[in-house]
Amino acid sequence: MNLLPPADGLVVLLPLLGAITLGLVANHRIAARINILFALATFAAAVHLAYDPPPPGSFLLADRLSVHLALLTSFIGASTSFVSLGFIEAEMTAGLLDRRRARLYHAMYQALLAFMLLALLSDNTGLVWVSVEAATIAGVLVVGLPGTAEAVEASWKYFIVCGVGIALSLFGTIVLYLAAEPATGPGMAAMSWHTLLPAAARCNGIVLNLAFVFLLLGYGTKAALAPLHNWMPDAHAQGPTPVSAMLSGSMMNVALSVILRLRLLLGANAGAISPGPPIMALGLLSVLFAAFTLWRRNDVKRFFAVSSIEQGGVVAFAFGLGGAVPVFAGLLHLTLHTLVKTAIFGCVGWAAQRKGGQSFFRIGGLGHGTRAIGLLLAAAIVAIAGLPPFGLFVSEFMIITETMRRLPLLVIPLALGLLVGAWAMFARLQSLCLGPPTPDGGIAPAAGWTVYPALAHLALAAACGLLLPGMMSDWLGAIP
Amino acid sequence: MHYGTIPYDVAHLLGATMLVLSFALLYQRRVAAVIDIYALQAMVLAAAALWQGWAQGAPQLYLTGAITLAAKGIAIPIALHRIVRRLEIHRSVETALGIFPSMVLGVGLVALAILVVLPITLSAQVLTREDLATALSVVLLGLLAMITRRNALTQVVGFMSLENGLILAAVGITGMPLVVELSVAVLVLVAMVVFGVFFFRIRDRFDSLDLHRLDPISTQR
């Protein structure tokens, strides 16, 4: 087997190299700029991969799904690296981080990016698992970085809950090998997505069921689907904001893409259970749970983390529903949610730094004085609530109409969850952006580091809402 | 390999020994003893890996066995004992659940594991099925040990015992590529480093490894 062909492997090797380099750079200003360079280069490598994908059977699995998500992840990594520069600068000025921690932060930023990309692009199920575990460890280190009691508790919880989830998914991976072995023969073939999916019909159905249960629980934990979600709000509330943004969007995508592949695998096997209902159940539960708990959250970052659980639930529901249209809508939803949520975390993180706190009592009236951030945040909240002109309206509309056509009764809880969630968003929008401004109590970086990336994300999301029946639909439509 | 032949019987015996040690983890209260039982379980796991390497004619499993023995059987227990001494937490461990209920739950979980794995009727490999049931039981008992302990260190041991079960499953499957075993062994070490970081940070601030005392955010969210 050809290990990492140089040009194709760059997309994973570059951030790994970045992690090592940044581990050696002590000056945080230089490190933040090197971080941007590596993130941009990684994005360029991902674009190259999309134009010139390696043939199936090589080390990387460059099908439409993985290339799309790799592009998205590396784009988020690149744009967030600018936010990160401002964020770290302000934290250092305020004395909340020291040099040693800033160095660890930058190294882990790249490591997280590298392992998420490897998990998305790897053809080998074992390697996917290893990458997810490595990304989790990098995430745990970053979340615990502020060193406060709350951050340590959050990262401990993150580690234990996700550690158990990961352990369960390794068991699932082993059992998956066992299920595939009769169909593909022993060895690497039984662990490669590109040989597993065509051979799905000949796998051992009963063993496949066992593997599915463990993999769904394991990767469902990483995707923060209720009731396996409880590490996520803490990790997001305590971790440094740029990493919250990356974890919220991209880590969830990694896990959801594995769940989608599993769904395709089981769906093609007559002897296995139907994979749709369990995935739909977890998704629906996440939507309902998150929509109703949104109301009780007083911490801004925790609030938006819970909203990520809701949106992840919508995607899982669509994937569970299955078929060309829902999977397309689910992927569109996942893509746009990632873009919008990253913009939100950027703005909210900036506001939290400026106001010197992250509870809703401290942050308010962003529309006055900090107009650009306030406007962007308002637009992003409108987008995440699923209103036009942003693309999330299109994807939610498609998911609901398709549900209505196939499982009409499920529309009631799904629509209820979405409405309650959107309502909570608007209630918070009022105080965050429109109300009287709260006093400033902290040090914020120049707004430009946050504004331009957020603007780019929202412009993309709006473009997908307005111009969807074009290139984007051809691109996404070829995935399932 | 079939029932009644030496390779089968020895592999079965080693798996069952690991399961018994998992039960011992559930009822043992002293921190030092918990670590010793973990070390013993890891050594049995190493023996199981070596035996499978011989029985399957798969030399890479010798490597898995050697890594398991060196890292989990020797190095990690020594490090844990050192942490216990440095942090002075020799006292017995609080459990959230009494011995009897946790043993009953444990037996229930083993029954569940057997019931779940039993329908898997593989044509060739009887041993794979039995091994999988044992491994799943070890995994579930590790989970139970994590839930019933309040102390961070014993939770960690429960977690690592759970991972022993995973490796037992991996080595029991004929022809499984090496990738997984090796990476798991490496990652457990990495995870251990992370744990170490945690211990010292938690120690810095709370003078205790009892997770119950650092629960401020779960009440005020």
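**Helical architecture of chains A and B**

Chain A contains 18 helices and zero strands. Its radius of gyration is 21 Å, close to the 23 Å that the globule rule gives for 480 residues, so chain A is as compact as a globular protein of that length. The model is predicted. Along the principal axes, the C-alpha atoms of chain A fill a box of roughly 65 × 55 × 45 Å. Of the 480 residues in this chain, 64% count as buried. Contacts in chain A with a separation of 6 or more were also examined; 81% of them join residues 24 or more positions apart.

Chain B likewise has zero strands, with eight helices. Its pattern along the sequence reads α-α-α-α-α-α-α-α. Of its 221 residues, 45% count as buried. Residues 24 or more positions apart supply 71% of the chain B contacts with a separation of 6 or more.

The largest nonpolar core comprises 247 residues. Leu112(A), Ile259(A), Val340(A), Cys347(A), Leu377(A) and Ala380(A) have the most contacts inside it. Helix α6 of chain A, residues 149–184, gives the most to this core, with 22 residues.

Helix α12 spans residues 300–321 of chain A, and helix α13 spans residues 324–355. Their axes come within 9 Å and cross at roughly 175°. An angle over 145 degrees counts as roughly antiparallel, and α12(A) and α13(A) are therefore roughly antiparallel to each other.

A second pair joins α15(A) and α17(A), the latter covering residues 448–466. Here the axes come within 6 Å and cross at roughly 45°. The two helices are therefore oblique to each other. Gly391(A), Phe393(A) and Val394(A) form the α15(A) side of the contact. Ala461(A), Cys464(A) and Gly465(A) form the α17(A) side. This contact has four nonpolar residues, two polar residues and no charged residues.

Two loops of chain A were also examined. The loop between α8 (205–222) and α9 (232–238) holds Pro227(A). The peptide bond from Ala226(A) to Pro227(A) is cis, with omega near 0°. Ala224(A) lies in the loop between α8 and α9 as well. Its phi is near 60°, a positive value in a residue other than glycine. Ala224(A) has 31 other C-beta atoms within 10 Å and is buried; the cut-off for this class is 20 or more.

Leu409(A) sits in the loop between α15 (391–406) and α16 (411–434). Leu409(A) and Pro278(A) are separated by 131 residues in sequence. In space, their C-alpha atoms are 16 Å apart.

Conventions:
Residues are numbered from 1 along each chain as its sequence is written. Chains are lettered from A and ligands numbered from 1 in the order in which they are written. This is a predicted model: local features need pLDDT of at least 70, side-chain atom pairs count only at pLDDT 80 or more; totals for chains, interfaces and linings use all residues. A nonpolar core is a set of buried Ala, Val, Leu, Ile, Met, Phe, Trp, Tyr and Cys residues joined through C-beta atoms within 7 Å. A residue is buried if 20 or more other C-beta atoms lie within 10 Å of its own, exposed if 12 or fewer, and partly exposed in between; C-beta atoms are placed from the backbone. Helices (H or I, at least four residues) and strands (E, at least two) are DSSP runs, numbered from the N terminus. Axes are lines fitted to C-alpha atoms, for helices over the stretch in contact, and angles run from 0 to 180 degrees between N-to-C directions. Angles under 35 degrees count as roughly parallel, over 145 as roughly antiparallel, 65 to 115 as roughly perpendicular and the rest as oblique. The radius of gyration is taken over C-alpha atoms; the globule rule is 2.2 Å times the number of residues to the power 0.38. Two residues are in contact if their C-beta atoms, placed from the backbone, lie within 7 Å. Ala, Val, Leu, Ile, Met, Phe, Trp, Tyr, Cys and Pro count as nonpolar, Asp, Glu, Lys and Arg as charged, and the others, Gly among them, as polar.
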